[in-house]
Amino acid sequence: MADEVEIDQKVYDELIAQGKSERIARARAKAATVKAQKVAAGETIGPRAQSAEAPAAAPAAAAKAAAPAAAAGGGGGVATAERAGGGVRGAGGLTVEERQARVAAALAQRGNGASTRTGGGAALANQDHTHRLLAMVPPTGIQQIRGKQEDKVYTWPHLIASEFIAVLAWTAFVVIFSALVQAPLRELANPNLTPNPSKAPWYFLALQELLRYFHPMVAGVTIPTVGLLLGMALPYFDKNPSNKPENRKTAYVAFTFFLVLSAVLTIIGSFYRGPGFEFVWPWTDGLYFEL
Amino acid sequence: MSLLPAPDEVKKRVQDNVIWKSIFRPGSIYRKGYRDTSRDRALASMNNVLYHLHPVKVKRHGLKLTYTYCLGGSSFFLFILLTITGIFLMFFYRPTAGAGGQELAYLDMQNLRDTVTFGDLVRNMHRWSAHLMVFTTFLHMARVFYHGAYKAPREFNWVVGVILLVLTLLLSFTGYLLPWDQLAQWAVAVGTQMAGFTPVLGQQVQFVLLGGAEIGPETLLRWYVLHVLAFPFILTIFLAVHFWRIRKDGGISGPL
């Protein structure tokens, strides 16, 4: 309610006197004002069963008839009986009387088909209520849908098509590159002739570079082993559930540090190390790097 | 009226053939009556052994090239390319070296370069793809990290991924020795020397790796078997787990 509703001062004072909080008192006082306005305008208010008096025609007689029927219905038929008694239009758009007439007609047409039921078809048709309350269903529904609805597309053709393009692109790249660039093949292996420098494959050059600074057991065994184990354990000690970059600054900084460190070590080992694995400038001393 | 049936008629008859229908399961795009409906799209990926590595539906954001950069898939494709080119190379390569006998390994490398049809091209493809695969696998790992894609429930798949990275390095490194040239011999020498510094078991580790006290014919045979059989076998098993877990853990991660 956007525009202000006036407070029914009398109700407000009463509620305050009863010790209600100001917030509740104000809300109820406003509600009282609205109710008074509606009554003045001749609108009906409140639940339907209570409104039975208002639409004059649907008489109290019906309601009275409903009561014993409900009782006869045994355990079940309380709630609907009251509602049916009101003579109000139900969900189907029919009044109770109309619906009963239909049911009776249908049963008559079927002959004694329904009479197998307890009490017989006619008796059933004459009852004032047509259904019984068997259970209360929570308003959320019986089935809970767990997974969120996500924005998804069919794998075929959307994903498969782009994968196919990627495959074609990679194949073309590898074939053309291989046709143009020759893979190295040096002279026959000779254990008595050590080339200078002797370098490991590029992905181990960061470790070979570390060999310059640490004992071989540290650089060649301890660091890679610990690095691998820590890498594997990473998801178990990064307890931060967020995958948003702004929530993961520490993780980003730490990971980027190691990534850049290993990249720098690999580049130094690859291009800036010459004979004797000594430091060289690649643009003056040439490249000592082979794939 | 021509004697030959119209192409449409041929297509219809082929697709109506009982053999054709036994090969292509319902929903296959090669079967008669494939229509571009939700049902047939779903069936097309469900009823194809390759496509059903994927779920029937994928998150739309995952299709963006700038989310995955296609790195995991590229690594996998390069592995397939390496397998195909590797099988080709196996026809022309014998892992035999020195020790008084013939230097068959190196001889075969020279023959591959000079006499085998497409031998040079296929060897180049094998070598460059190998380097590329190591590189794309590294990048894939970095991409997964930056997207936080290793977080619950995907922790274990990250572990499998690290194992796959190690296996990729091992595959590349064992393959490095096979040409049996100076480059291979000494790169492997540098690598295996480090293993000798393993605490307590250093000597034993190095001996197992080399099949002897130093790099020799036994090393070549050993690394050849590891390279063409053992590591690809193990890698394939872990790949299967890796792909399976992607689906089980709810498909691609994100969106961010």
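Helices (H or I, at least four residues) and strands (E, at least two) are DSSP runs, numbered from the N terminus. The model is predicted: local features need pLDDT of at least 70 and side-chain atom pairs count only at pLDDT 80 or more, while totals for chains, interfaces and linings use all residues. Residues are numbered from 1 along each chain as its sequence is written, chains are lettered from A and ligands numbered from 1 in the order in which they are written, and side-chain values use heavy atoms, with hydrogens and water left out.

**Backbone features**

Phe118(B) lies in the loop between helix 6 and helix 7 of chain B. Its phi is positive, about 65°, although Phe118(B) is not a glycine. At 58%, Phe118(B) counts as exposed. Tyr69(B), in the loop between helix 4 and helix 5 of chain B, also has a positive phi, and at 46% relative accessibility Tyr69(B) is partly exposed.

| Feature | Residue(s) | Angle |
|---|---|---|
| Positive phi | Tyr69(B) | near 55° |
| Positive phi | Phe118(B) | about 65° |
| Cis peptide bond | Trp156(A) to Pro157(A) | omega near 5° |
| Cis peptide bond | Asn196(A) to Pro197(A) | omega about 5° |

Pro157(A) belongs to helix 7 of chain A, whereas Pro197(A) sits in the loop between helix 7 and helix 8 of chain A.

**Helix packing in chain B**

Helix 6 and helix 7 of chain B pack at an angle of about 115°, with their axes 6 Å apart. Axes are lines fitted to C-alpha atoms, for helices over the stretch in contact, and angles run from 0 to 180 degrees between N-to-C directions. The two helices are therefore roughly perpendicular, a class that covers 65 to 115 degrees; under 35 is roughly parallel, over 145 roughly antiparallel, and the rest oblique. Contact means heavy atoms within 4.5 Å. Helix 6 of chain B contributes Met109(B), Leu112(B) and Arg113(B), and helix 7 of chain B contributes Gly119(B), Asp120(B) and Arg123(B).

**Helix 7 of chain A**

This helix, residues 155-180, has 26 residues and reaches 36 Å from first C-alpha to last, close to the expected 38 Å. The expected span is 1.5 Å times one less than the number of residues. Among its buried residues are Trp156(A), Leu159(A), Ile160(A), Trp170(A) and Val174(A). The cover over the buried residues includes strand 1 of chain A and, from chain B, helix 3, strand 1, helix 5 and helix 7.

**Nonpolar cores**

A nonpolar core is a set of buried Ala, Val, Leu, Ile, Met, Phe, Trp, Tyr and Cys residues joined through side-chain atoms within 4.5 Å. The largest has 40 residues, and Tyr203(A), Tyr93(B), Leu177(B), Trp180(B), Ile215(B) and Leu220(B) touch the most other members. Elements supplying at least two residues each include helix 8 of chain A and helix 11 of chain B; helix 9 of chain B gives the largest share, seven residues. Beyond four places in sequence, Ile215(B) is in contact with Leu177(B), Trp180(B), Gln185(B), Val188(B), Ala189(B) and Leu210(B). A second, separate core of 19 residues includes Phe79(B), Ala130(B), Val160(B) and Leu171(B).

**Two further residues**

Thr68(B), in helix 4 of chain B, is buried at 17%. Leaving out residues up to four places away in sequence, Thr68(B) touches Gly62(B), Arg143(B) and Ile252(B). Pro216(A), in helix 9 of chain A, is partly exposed at 21%. With the same exclusion, Pro216(A) touches Leu211(A), Val221(A) and Phe197(B).

Conventions:
Buried < 20%, exposed > 50% of the residue type's maximum accessible area, 1.4 Å probe, protein only.
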